[in-house]
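The entries below follow the order in which I looked things up.

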Amino acid sequence: MKSFTITTLGCKVNQYESEAISEQLQCQEWDAINKGVVADLCVVNTCTVTGKAAMQSRQAVRKLIRNHPGALVVVTGCYAQVSPEVFSSMPGVHCVAGNSFKDRIPQLITCEGNHGPQNTLVEDLSAPRPFQDLPVTRFGSRSRPFLKIQDGCDAFCAYCIVPYARGRSRSLRPEIVMKRIRGLKEQGYAEVVLCGINLGRYGHDLTPAVSLGKLMKLIDGPQCVKRLRLSSIEPTELQEDVISHLAGSKRICAHLHVPLQSGDDEVLKNMNRHYSSSFYRELVHHIVSVVPDVAIGVDVLVGFPGETEGAFEKTCTLVEQIPIAYLHVFPFSKQKGTSAETRGDSLPPETIKKRCQYIRTLGATKRRRFYEKFIGSTLEVLIEGKRDRTTGCLKGLTRNYIPVLLKGNDDLMHRVIHARLTRIEHGRVFGECLSR
Ligand code: SF4
């Protein structure tokens, strides 16, 4: 049997697709390698959402070439899609395969000439195209598998390359979503994370059109796993039917990730994001009024060209004032091919770095305050399949996205238990297991 390894960078959708590639390879008699073994095939599923992700993708390819001498090297993913020349000019890379070729990796590497001239297979994804269904039935030791139900984006935010890397928004049909969730339930998974590139656009391309809220109603029944979690939803796409369903459902987790990016209306306009800071503020207050225990996660993009000190302060003030649980902070970096690339009012890197540090500290305070609200409460926790390395405790996650460390036996792994949250130490929440 020949062996392979896959390195994945970037979002949940990329991670899901790597699982699909791995499953395809295993069906074709390829074997995943153990650590320290030299593989016959290395696949790198790249990301280009930020300059850092792109740099890490290049580093990952070089590292695999170094550590697996003689292996076939295939580079795929968003960075390979938008800048294939970066990898096709790299000695040691045998095949560059755009995102639309992810369903054919085993076939590509059995083609003749793999060790001959480098092969670049990249299609233009700008025209509407069907959803590329990449089924995954096994998720290894992961306790919360992802299910990709939507791909692509039509929004063209000024800083974002994703619509070029993934094409137009398209969706997996609801009956297939339901079938996949049933399959995961039968395998014993307690939670599934529904993911997409612009999840709130789910179903708009289907005939008849289906909304994300309608899909949730369809899947939220006895055939569904115990817990369903939604990944990131854009503020303008977060419809009332999703919020009200989340409030009334026992299965949908009280957790929403809603990117803000900036709290300044001028910056939002320049980013080509079609909402105002007051719209965002009202949306967050509305969600919390309907779902009081909800964890709301927020993305902030710091240092977009033209972001003044005053504009950054407005973002900080908004973040301070709204009842959110955590922040993800991204420093702006120019992406080739986006409309922000040609803006002349870039900020010095040290200004961006300083602002990122400031708002990250604010994010840590918000997170702690959110955790403190639940100390003393008894919450449902899904226990993961691995222990925490530093404490040796079991690791679990509440419905509202609080990671909890607990003492207990391995037989609690992958189970949903009840735990009382007892204390916060070094920013980490500890609890005691109340289930036997
Ligand atoms: S909504 Fe904007 S930021 Fe999100 S993927 Fe689409 S273009 Fe990128």
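Entry 1, overall form. I began with the radius of gyration: a compact globule of 436 residues would come out near 22 Å, and the protein chain has 22 Å, so the value agrees with that of a compact globule. I kept in mind that this is a predicted model. Along the principal axes, the C-alpha atoms of the protein chain fill a box of roughly 60 × 60 × 50 Å. I then looked up burial and found that 43% of the 436 residues count as buried. Among contacts with a separation of 6 or more, 73% are between residues 24 or more positions apart. For secondary structure I noted 13 helices and 19 strands in the protein chain.

Entry 2, the parallel sheet. I next followed an open sheet of 3 strands, whose order is β7-β10-β11 and whose pairing is parallel. Its edge strands are β7 (146-148) and β11 (227-230), each of which pairs on one side only. From one strand to the next the twist averages 30°. Looking at the pairing of β7 with β10 (residues 191-195), I found 3 bridges, and in β10 the bridge partner of Phe-146 is Val-193. Helix α1 (residues 12-27) packs on this sheet, where it touches β7 and β10, and its direction makes about 95° with that of β7.

Because 5 of the 5 residues of β16 (residues 394-398) are buried, I noted the strand as largely enclosed by the rest of the structure.

Entry 4, the partners of β16. Strand β15 (residues 378-387) runs antiparallel to β16 and is joined to it by 4 bridges, and I traced Leu-382 to its bridge partner Leu-397 in β16. The hairpin of these two strands has 6 residues between them, and there Gly-392 takes a positive phi near 75°. Strand β17 (residues 403-406) is also antiparallel to β16, again with 4 bridges, and Leu-397 stands opposite Pro-403 in β17. In the hairpin of β16 and β17, with 4 residues between the strands, I found Tyr-401 with a positive phi near 60°.

Last, I listed the residues around the ligand, which are Cys-153, Ala-155, Phe-156, Cys-157, Cys-160, Val-162, Pro-163, Ile-197, Asn-198 and Glu-234. By class, this shell has 8 nonpolar, 1 polar and 1 charged residues.

How values were computed. Residues are numbered from 1 along each chain as its sequence is written. This is a predicted model: local features need pLDDT of at least 70, side-chain atom pairs count only at pLDDT 80 or more; totals for chains, interfaces and linings use all residues. Two strands pair if DSSP finds at least two bridges between them. Axes are lines fitted to C-alpha atoms, for helices over the stretch in contact, and angles run from 0 to 180 degrees between N-to-C directions. Two residues are in contact if their C-beta atoms, placed from the backbone, lie within 7 Å. The radius of gyration is taken over C-alpha atoms; the globule rule is 2.2 Å times the number of residues to the power 0.38. A residue is buried if 20 or more other C-beta atoms lie within 10 Å of its own, exposed if 12 or fewer, and partly exposed in between; C-beta atoms are placed from the backbone. A residue is near a molecule or strand if its C-beta atom, placed from the backbone, lies within 6 Å of it. Ala, Val, Leu, Ile, Met, Phe, Trp, Tyr, Cys and Pro count as nonpolar, Asp, Glu, Lys and Arg as charged, and the others, Gly among them, as polar.
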